[in-house]
Amino acid sequence: MSSSRILKIIHRTRYEYVAPVLESQNAGHFLPAIFQDQVLLEQKVSIIPEPVEISTHKNYFGNLITLFRCDQPHIIFEAVSELKIEKRPILEFTSGPTVKEAMDIFKNKAETLPKVCWAYLPNTVATLHIHELHKEFEAIFFQHTDYITACKALMHHVFINFEFDGSVSDVNTPLQQIFTQRKGVCQDFSHILLSAFRSMGIPTQYISGYIETLPPAGKEKLIGVDASHAWVSVFVPHCGWLDLDPTNDIGISSQHVSIARGRDYHDVTPLKGSFVGDGQHQLSVSVDVREFVPAQTMSSQAQVAQPMMPPSPIRPAQFSSEQ
Amino acid sequence: MTPLTSIPSPQSQDLWQRFAEEADSKTWPSLEVQMKSALSSTSSSRPFLSQREKRKVSFDTLPYLIDTADWQGITHGCRQRSILLNHVLSDLYGEQRCLQEGWIDLPELFSLKNYVLPSHGSTGMALPKLHFHHVQLARSNDGFVVLEDITSTPRQFGHVIEQRLIQNRLLASTQTKLNLQRLAPWFSQFKSHLYSSSPQHENHNFGVILSQGVDHDGYDEQAYLAHFFGFPIVESQDLVVRNQILYLKNLGYLQPITFVLRRVPENGLDPLEMKDFSSHSIPGLMGCLRHQNVFMDSIPGVGILEKKVIYDALPELCQYFLDEDLILPQVNAESFENHDWIPCFKDGKEYLDIFKLQLYISSFGDDQQVMPGGLALSMTPFDQGPVVKDLWVCGDLDKRDVEPTKKMIHRNQFRPSFNIPSRVADATLWFGRYIERSDCLCRILREVLVEPQREEGAREHSLRHLELIRTALEIPCDDQLVTWNDHWNSLTQDINTLGSLRSNLSAICRNALMLQDRISVDMLNISQCLTEPFSEGFSLMEAEAILTLTLEKIAAITGLSNDSMTHCDEWNFLIIGRRLERACTTLSILRNLVLSSERIDDHSWELLLRTFDSIMTYRRRYHIEVLPGAIFSMMTQDSTNPRSVSYQVNDMILTCKEMREQGALWAAEPAEMLNTILDSLSQLPAWPTSEDEPLEPLALALEQIQDQLTMFHQDLTRTLLHL
């Protein structure tokens, strides 16, 4: 078990528009929701142009939504979120239910589950029930007696059978296509795993956050090379939530920083909104996650996580009434 | 005639006998004629709607009669149902106890988009209430049963009022004899409840009906409802949120809204907080609701109550929440066999049909009140939509309520008119522009058409004129257009060519529909007929007559706009739109003529004069001699010529000044801009006296004025739409 460490995250999202945007209304998941293994130490959100209105509230999933409105005409929009988070040691479950016990609860006594599980029971459009997918994962799952082992086996199955390829999908690629091509990025793998778990009736969350990457040996880490990341969190009866990162075939580590939870990507979009203006724009996103090292302390990370493609925020255009 | 004794319910039989005695069946044919006539005079029954088969209901001449004994049972059951639905709603969006008890299938519930999680109490939202809903009932052998609850966007509410007002007029004495219960007290309470439930902004209470727009089936009855209550009917794009307050984008200012009758789907209503994005979305709306800055009769998320997952659980939930059985049993609507045969009278014939009842229930505070009336809907599939009857609850009339419906209408009271929403102003301006654009294009095409007949071998010359029109009016050109006929067809009849005559006429139709509550019925009807000859296609032989007819229709619309539109903001924007378009088109045609590679011959100048209908004006002054300088000056700077650019600009200045004088502060800036344009016009270079002098400086000056006018429109749009 590793000790506590402090991570500093800088997430920069920048839009450059071809024609000025006259006004925009936005919602962002900048601030982390409450997660057991992390404590928010510092936070700062800077937005250009400066919003005329800004407010934050908690939504049904416990996420903090920042709503803001900019009314100055602009061709550059930039949101920078700076967080300092203490990552605490993750308590691993020493024992869990059997597959039979867990499935009995999910199938017959779902109402006895904690309320927070309920929203994560059904499949969604992004985590659609696909018959072949369900059969494939169900067969693996029921090979095991121990529930946690069975869950990890499904994560491993995604890791082994799906290839990481940032060029084949975007946030709107249908799950069936991901399942058929067996390629995608972290959010696609998470959606596959969510579909598998939920098709069996197991409540599972989509988690969005960040992952710290380490430079190749002997090289200095570049700024902004980290990425937004996504993984899943499956419910273990009588224990709690078990995080599984199918992209890296690991549980949550001290390199993972959780921001928001939801039913799928579309519940936790980093930034979305509507604006008045021409829709053409260029988007650039950079994420920097690095350990905040107080004086006389050195980082001791060994594992190198796979870098991810950042999920693209969606900003649906709203045009003026010109005919 | 079908004997009335064939009606199964003895109580109904008795009522029907009484009805037949009072309203003699011999009078029913004339009653039907009168009813049709009355319907055609109401806003929700415009002739073009039936032509386009938009009207999805047809009203029956005879009402559906129900006596007080039946009615009391129904009312009792409906009130219990409404109380129960309110309990379920508060629980679903609050403690979720009924979910913990296992009454409702959790995965199914959470998979439904109508379970709107941003409306849950954990997000800071106040517990939602079911303020208004309706329920569909049918008569079974054992009494009335529930078929369906409709909670999200109430339907046909306006039809109830429309139907009842007509029947009040036609069957007043029958109603009195049958002791018909009046609707007015209920509507009065409904309106008072809206006001008392709404927050107030600066002691001001202002409500709107939020509609999906004229293209939606329900618009017809919603517009009627809006007229009845005196609330403006708006669309999502008319609304905007600032600091958690909902505003109507009005001309010149933002009007705070305190209550909304929602008639748009709940999904995606606020894309900032909801997963979906809809064309009816209002970003930030959930924030307004969370801060209780606006009251909505139907909070996003109430639609969950009409879903099967809830409906099926209601018998158990009634026990759980109220500790009693449902008074009105519920059945599966699809498998239910209705045998409630009711007399109908349509197209001069009497027949029997089966009906279900649609009843409306509102929560006035904690008191659930069923409207003592409603609609009866035919359950027999009918290709023109269901037959709808007015529901009469007969007996035990409270004499104090005699004819209160008339009181509600405030026929003799002055009602202040609302300032027009920005979108309407924008649409009116474009309506004017499209009218003028079509007029101009129609004239040029007609002149070009008759050209070859005047002069031998002029076809090629005429083709150049068609190309000039295309360039001047910025109508895109396809490489495949080679011959005269190709160009002609593309400019006249091709709906896909942006800027073609047909596409411009369609735009007039579209904008007229959007403005149907602002323009006269005749204007609307003529607008809808504009494209008729074009949809069927026409030959070159027919073209001249059709173009002339189209011009006459356009002239009729503009004439009617002067004579039948109220001369206030809508009319002013129509004028600005027309003037702006005429100025821009004239400048563009002149500029392109000047820039054309060939020398402008007398024929082209005459074509120009005929196009702008100025040939007689010109000849009166200059006789038949073609003087380019005189024509140019007459078309640009002559402020007495109603076709000149300066006349258009002057008229726009006057219109803006008039609006400014009437209190529109925003109108000062556009007036300033127009004065600058007028200055530019006065400094326009004169037409060269010799053929050696270059025309480019003139073309450049014309282009600059055209750019100024474009900028004027852009700035005006931004001001209007609060951008």
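Visitor: What counts as a salt bridge here?

Guide: A salt bridge is a side-chain nitrogen of Lys or Arg within 4 Å of a carboxyl oxygen of Asp or Glu. Side chains of opposite charge can pair when their charged atoms come close. In this predicted model, local features need pLDDT of at least 70 and side-chain atom pairs count only at pLDDT 80 or more, while totals for chains, interfaces and linings use all residues. Residues are numbered from 1 along each chain as its sequence is written, chains are lettered from A and ligands numbered from 1 in the order in which they are written, and side-chain values use heavy atoms, with hydrogens and water left out.

Visitor: Which residue forms a salt bridge with B:E581, and how far apart are the closest N and O atoms?

Guide: The partner of B:E581 is B:R437, with the closest N and O atoms 2.9 Å apart. The pair links distant parts of the chain, since B:E581 lies in helix α22 (residues 569-595) of chain B and B:R437 in helix α15 of chain B, 144 residues apart; helices here are DSSP runs of H or I with at least four residues, strands are runs of E with at least two, and both are numbered from the N terminus.

Visitor: Is B:E581 buried or exposed?

Guide: Buried means under 20% relative accessible area, exposed means over 50%, and partly exposed lies in between, with a 1.4 Å probe and protein chains only. B:E581 is buried, at 4%, whereas B:R437 is partly exposed, at 22%.

Visitor: Which parts does the salt bridge of B:R423 and B:D238 tie together?

Guide: These two side chains, B:R423 and B:D238, meet at 2.6 Å, N to O. B:R423 lies in helix α15 (residues 422-454) of chain B and B:D238 in the loop between β6 (233-235) and β7 (239-242) of chain B, so the pair ties together parts that are 185 residues apart in sequence. B:R423 counts as buried at 12% relative accessibility, and B:D238 is buried at 0%.

Visitor: How many salt bridges are found over all chains?

Guide: The search of the whole structure finds 44; in chain A, a network of salt bridges links A:R12, A:R14, A:E16 and A:E78.

Visitor: How many residues has the largest nonpolar core?

Guide: In soluble globular proteins, nonpolar side chains tend to be buried together. A nonpolar core is a set of buried Ala, Val, Leu, Ile, Met, Phe, Trp, Tyr and Cys residues joined through side-chain atoms within 4.5 Å. The largest one has 123 residues, and those with the most contacts inside it are A:F141, A:Y147 and B:L92. Helix α4 (residues 147-161) of chain A gives the most to this core, with eight residues.
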